[in-house]
Amino acid sequence: MNWYIEVLKKYATFSGRARRKEYWFFALFTTLIAIVLGIIDASLGLTIGGDVGILGTVYALAVLIPSIAVAVRRLHDTDRSGWWLLILLVPLIGVLTILVFMIFDSKPGQNQYGAYPKTA
């Protein structure tokens, strides 16, 4: 949970580096919270048009910027520009490419985006 809170503390920080652990724990907790909110939306009937949950939508909008920021910092950790996120616009290939980049380990040592996060 500390990794999730750490990402929220860096709400719109696009500079620096983020370890795999930081990125994946944020993704895990975001997904779990979204599932719980979806269940609450469905059980209380808090939907718009029968499909879109109000609580889930508000939460998704609240974590949109931190999600993009931690993804950019994760790409920086693998010594790639944050602009690589635009490849997500390419169906299937984009998602697979970003998934592989997020799985790669950090580039050891200092890079143009900052110090090695495992030792900093």
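Both Tyr4 and Phe26 are buried, a label for residues with under 20% relative accessible area, while exposed means over 50% and partly exposed is in between (1.4 Å probe, protein chains only). Before going on, note that this is a predicted model, where local features need pLDDT of at least 70, side-chain atom pairs count only at pLDDT 80 or more, and totals for chains, interfaces and linings use all residues. Residues are numbered from 1 along each chain as its sequence is written, and side-chain values use heavy atoms, leaving out hydrogens and water.

**Ring pairs**

A pair of aromatic rings is described by the distance of the centres and the angle of the planes. Rings of Phe, Tyr and Trp (its six-membered ring) pair if their centres lie within 6.5 Å; planes under 30 degrees apart are stacked, over 60 edge-to-face, and the rest tilted. That rule gives six aromatic pairs here. Two of them look like this:

| Pair | Centre distance | Plane angle | Type |
|---|---|---|---|
| Tyr4 and Phe26 | 5.3 Å | 20 degrees | stacked |
| Trp84 and Phe101 | 5.0 Å | 90 degrees | edge-to-face |

What does the Tyr4 and Phe26 pair tie together? Tyr4 lies in helix 1 (residues 2-9) and Phe26 in helix 2 (residues 20-44), so the pair joins parts that are 22 residues apart in sequence. Helices are DSSP runs (H or I, at least four residues), numbered from the N terminus. Tyr4 and Phe26 also belong to one aromatic cluster with Phe25 and Phe29.

Trp84 counts as partly exposed at 36% relative accessibility, whereas Phe101 is buried at 10%.

Asp79 is not a glycine, yet it has a positive phi of about 65 degrees. Asp79 sits in the loop between helix 4 and helix 5 and is partly exposed, with a relative accessible area of 39%. Leu92 is found in the loop between helix 4 and helix 5 as well, and its phi is near 60 degrees, again positive in a residue other than glycine. Is Leu92 buried or exposed? With a relative accessible area of 62%, Leu92 is exposed.

Key: Helix = DSSP H or I, 4+ residues; strand = E, 2+ residues; numbered from the N terminus.
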